[in-house]
Amino acid sequence: MSTPPAAGASGPGAGSGRFDVVVVGAGPAGSVAALVLARGGARVALADKAVFPRDKACGDLIGPRGVQVLEDLDIRVPDAGHGSDLLAVGPSGRRSRLPAFTGRTYPGHGIVVPRVAFDNALREAALAAGAVGVRARVTEVERDSAGTARAVVASDGRRLAADVIIGADGALSPVARLAGMLDPATALWGFAIRAYVPGEVPLPLLVLLESRPWQIYPGYGWLFPGADGQANVGIGVGMGGNRYSVPLRDDLARFCTLLRERGDLRQGADYGPVTGGWLRMGGTGTTPAAGNVLLVGDAAGLINPLQGEGIAPAMISARLAAEAVLADPRRAGTAYPQALEGAFGRYLPGASALQRTLLRRPRLASASMRLVTAPVVRNLVAGTWSIYWNGLVDGARPRPAAWAARGVEAVAARLPGPSSWAGPPAGRDEAGTSDAAPQVTRAG
């Protein structure tokens, strides 16, 4: 790895040239990858089409595993407060308090940080570590005749050449598509919208809804704490294997009406502008690596299929990818998927299969959610629900709820569903060294 520059340049004209690694996308995954790489001595470009600070549709909650990554990497972010327990509201309106447990490898709390501030803080940390900021919309992946990616090319013609390319560019990942790694037909899709609304929220509220009595709504609504007296309100749906346009604004309006009726929002509290985004969940729709192209975060489809968390998996995967590159860039395409398997392989495939099962059986799903929020039952299952649903089985401290959650994870893993962890395509397990003439895959 070459010596990184003294400071991270940024701007439309910055960063053309040769790098050890080009990271495309400066969200949490891209910025963490760039930071770890730069600290490890790599010359890394961090490219994004947006001007920062910029906003993203999100619940703004960073879970315990994400908090641990921030602590491990000594990254400081302007959090608006800590969150621990969560209130889950069943279709009947009954509430179950899901306790937060301190694990062996994670704290017993999350933090609340608006994405506009969180993403900017992570990107600034990466630039301070030596990453070169590049404002660019990537539209081409240039390959040699052996199939090795040699560079990404921006819409203005700038060429960013590198030994390794990391796609951290979201659920619809142009890098994955241009590199031939995206297979939308095998993905587990979702869509969510969110807005900010005046309100003080003592505990994060997650509401399981019904489309009609005993027919579960294929998603959930949330009301989470926010900064400066503004709560984060949103609604998301799972779509299974089909990605299609879904009009959620009316559902969000009805959900806010329900929150006012139940006293969770004050009367007259109205939400502001609405933003939305696609979700790709469960490690589906891509292979995480092909040759010297690695995918992290939402680009790798690592969103939790049961509760929609994406930030912690994004940062964990980004760190794993960066560490694999620093250890041996020629073997990163093999080492990184193995590391992902170790981090997520016991949870995500089963959670994906469980989500598919619940989507196909809305009456069973409705009955199940009514049951686990019913009196007596909710007290018995709350701890298990909290640990399993939030993907916290690995690293949990020994306790009955953790043992039960491990059992749920084992049962879910036996449900039918496609494998989420296919390895790299044949012949693409290592970064090549060919000097063959480049070929170009173009966007559009």
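In this predicted model, strand β13 supplies the largest share of the lining of the second largest pocket, with 5 residues. That pocket holds about 210 Å³ of space. Its lining counts 14 residues, and those nearest the centre are Leu209, Glu210, Tyr217, Arg254 and Phe255. Besides β13, helix α5 (249-261) also gives two or more residues to the lining.

As for α8 itself, its 13 residues reach 18 Å from the first C-alpha to the last, close to the 18 Å expected at 1.5 Å a residue. Which residues of α8 are buried? The list runs Leu348, Gly350, Ala351, Ser352, Ala353, Gln355, Arg356 and Thr357. An α-helix has 3.6 residues a turn, so residues three or four places apart point the same way. The cover over the buried residues of α8 includes the strands β12, β15 and β16 together with the helices α7 (332-344), α10 and α11 (400-413).

Helix α9 (residues 362-372) has a buried set of its own, made up of Pro362, Ala365, Ser366, Met369, Arg370 and Val372. These buried residues of α9 pack against β6, β13 and β14, and also against the helices α8 and α10.

A second open sheet has 3 strands in the order β3-β7-β4, and its pairing is antiparallel. Both β3 (61-62) and β4 (82-83) stand at the edges with a single partner strand each, so one side of each has no neighbour in the sheet. Strand β3 is tied to β7 (residues 110-112) by 2 bridges, the two running antiparallel. The bridge partner of Ile62 in β7 is Ile111. Helix α2 (residues 64-72) lies across β3 and β7, and runs at about 85° to β7.

Turning to strand β11 (residues 159-167), how many of its residues are buried? The count is 7 of 9, so β11 is largely enclosed by the rest of the structure. With β1 (residues 17-24), β11 pairs in the parallel sense over 7 bridges, and Val22 stands opposite Ile165 in β11. With β10 (residues 149-154), the pairing is antiparallel and spans 3 bridges; here Ala151 stands opposite Ala161 in β11. Strands β10 and β11 also form a hairpin with 4 residues between them, and Gly157 in the turn has a positive phi of about 95°. Finally, 3 bridges join β11 to β18 (residues 293-295), and these two strands run parallel. In this last pair, Gly167 has Leu295 in β18 as its bridge partner.

Ala38 sits in helix α1 (residues 28-39). Is Ala38 buried or exposed? With a relative accessible area of 5%, Ala38 is buried, because the cut-off for that label is under 20%. Between the C-alpha atoms of Ala38 and Cys256 there are 44 Å, and 218 residues separate the two along the chain.

Notes. Residues are numbered from 1 along each chain as its sequence is written. This is a predicted model: local features need pLDDT of at least 70, side-chain atom pairs count only at pLDDT 80 or more; totals for chains, interfaces and linings use all residues. Side-chain values use heavy atoms; hydrogens and water are left out. The expected span of a helix is 1.5 Å times one less than its number of residues. Buried means under 20% relative accessible area, exposed over 50%, partly exposed in between (1.4 Å probe, protein chains only). Contact means heavy atoms within 4.5 Å. On a 1 Å grid over the protein atoms alone, a cavity is a set of points where a 1.4 Å probe fits but cannot get out, and a pocket is an open set with protein on both sides within 12 Å along at least five of seven lines; lining residues have an atom within 4 Å of a point. Grid points are joined across faces, edges and corners, and a volume is the space filled by probe spheres set on the points. Two strands pair if DSSP finds at least two bridges between them. Axes are lines fitted to C-alpha atoms, for helices over the stretch in contact, and angles run from 0 to 180 degrees between N-to-C directions.
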